[in-house]
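Subject: Structure for your review

Dear colleague,

Please find the structure we discussed below. My notes on it follow, and I would be grateful if you could read them beside the model.

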Amino acid sequence: MEFDLKTIEALAPDQASLSAASKLTKRSNWPRLEKNEQQALIWGECQGSGSNPYRVVVDTGDHGYKCTCPSRKFPCKHTLALMWIAATAPASFAPIEATPEWVNDWLGRRRKTTSQPAGPAPGAAAKSIDDALQPDEAAVVEDAAAVERREVAQRKRAQETRSAVSAALDELDQWIADQLRLGLSGFVDASSERCRRIAARLVDLKATALAGRIDEIPSRLMALRSEERPDAAIRELGKLVLLAKAWRSEPDDPELKRLVSTSETREQILANPDARQVESHWEVLGEKIETRRDGLVSHSTWLLDLNSVTPKFALLLDYFPASAGRRSNAFAPGDRFNARLVFYPSRAPLRALVAERIGDVTSGAAWPDFGALKDPLAARASQQDGAPWLTDNPLILPPGAISLDDRGTAWWQAADDPHGIALPIAGAVDQTLLGIDLGAAAALWNGARLDLLAAQSRFGRLDLS
């Protein structure tokens, strides 16, 4: 009886309905939330502007639904909100064995509609196929027909989505050409309005994941110095061009579909025989929590594989509505645990799911000795060759220290090469870290700035996220 936000996003008729649904996820809007797990049903009553609440029921098995509101959008915002609550706060539903009468009425009409046998009208001399077959045989025929209809509908939806996404990428190409023609300075100054406009258009054409990425470009640019923003804009737009080109070459590639339109569900990843699985000892390096412009909160938890001879990472990524408030974390920075992770299929697998936890959470001091790491950006260069649309790349930095320049920008600099590699750090840095010898550090590199996660020092492990 699980929902995920990507599925809900795919079911939504448009972005406006999704936005309206996010505002209805507060528990105070729902005086009644109940479920019947045996029948795979959830239902509730949502208080609208009238005296009587709207009644909503959802079949979590096949995503059938019914709402008493007069909306002409299907599913309506109340239905989407009920699914959203099921995805983000399933404990809100009280388990009930006896379903309400209005839910039973819907089930009765639904079964009558979907199981009506084809053939002569009642009273005709000829027998229907259900009369000619034994009960078990009739059920098999009916199930086979239902499966075939569902597969046909799925293929049709997939083709419609592919056509819509292709049209979205055509519009994106034209939009990027317009930005270059008008000049990058103007784009940087007006990036918020321009990105929001094309993002809304991409959502309409079902390129929802790509729309979310474009919507975040302004915040990425504003985090940089003004003189750095045009170069960063070129990089961001270039990555979009390469991603669009890759999708056109392989529209069925799981990674490209995930980055452009919609992602797989947790169940699909866990059931995928081709998904890479790694059972190892992991440490939580740190987390990033960012509120997106679409009203969702992105919660990233970065893990380090402690059994690997070279730095290997995993990303646990979750989304939830900002209106739901910050949720409790399953892990804390520095936690160590044994687990089997299943990775999303990708050219450079990073995002993963915890399929199985083994044993208790512990803590430790030193990271493994990964050997000489003279060029910490070498791994990023390799990943960019295969997937140039990547943004944040995790890496382990060799021994070094943090200092400030005359403009107040913090820099990480390698200890054994004072005139060599130095990388700027995003955001403010705790003044107590300046000048401390860091034996190693974990960070994210986006091509312009380091986002520090953790470090090892003579004082022990330092949480920097």
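Does His78 count as buried or exposed, and what is its relative accessibility? Please bear in mind throughout that the model is a predicted one. His78 belongs to helix H3, and it counts as buried because its relative accessibility is 6%, where the cut-off for a buried residue is under 20%. Leaving aside residues up to four places away in sequence, His78 touches Leu24, Trp30, Cys46, Tyr54, Val56, Cys67 and Cys69.

The backbone of His63 has a positive phi of about 65°, although the residue is not a glycine.

Ala40, in the loop between strand S1 (32–36) and strand S2 (41–46), has a phi near 55°, which is a positive value in a residue other than glycine. The peptide bond from Phe74 to Pro75 is cis, and its omega is near -5°. Pro75 itself sits in the loop that lies between strand S4 (65–67) and helix H3 (77–88).

Turning to the helices, H8 comprises 14 residues, 191–204. From first C-alpha to last, H8 reaches 20 Å, close to the 20 Å expected at 1.5 Å a residue. The buried residues in H8 are Ser191, Arg194, Cys195, Ile198, Ala199, Leu202 and Val203. These residues lie on the same side of H8, because they cover an arc of only 165° around the axis. Just after H8, Lys206 adopts a positive phi of about 70°.

Helix H9 (residues 208–215) and helix H11 (residues 229–249) have axes that come within 12 Å and cross at roughly 170°. Angles over 145 degrees count as roughly antiparallel, so H9 is roughly antiparallel to H11. In this contact, Leu210, Arg213 and Ile214 of H9 meet Lys239, Leu240 and Leu243 of H11. The residues of the contact divide into 4 nonpolar and 2 charged, with no polar ones.

Yours sincerely

Note on methods. Residues are numbered from 1 along each chain as its sequence is written. This is a predicted model: local features need pLDDT of at least 70, side-chain atom pairs count only at pLDDT 80 or more; totals for chains, interfaces and linings use all residues. Side-chain values use heavy atoms; hydrogens and water are left out. Helices (H or I, at least four residues) and strands (E, at least two) are DSSP runs, numbered from the N terminus. The expected span of a helix is 1.5 Å times one less than its number of residues. Buried means under 20% relative accessible area, exposed over 50%, partly exposed in between (1.4 Å probe, protein chains only). The arc is that of the directions from the helix axis to the C-beta atoms. Axes are lines fitted to C-alpha atoms, for helices over the stretch in contact, and angles run from 0 to 180 degrees between N-to-C directions. Angles under 35 degrees count as roughly parallel, over 145 as roughly antiparallel, 65 to 115 as roughly perpendicular and the rest as oblique. Contact means heavy atoms within 4.5 Å. Ala, Val, Leu, Ile, Met, Phe, Trp, Tyr, Cys and Pro count as nonpolar, Asp, Glu, Lys and Arg as charged, and the others, Gly among them, as polar.
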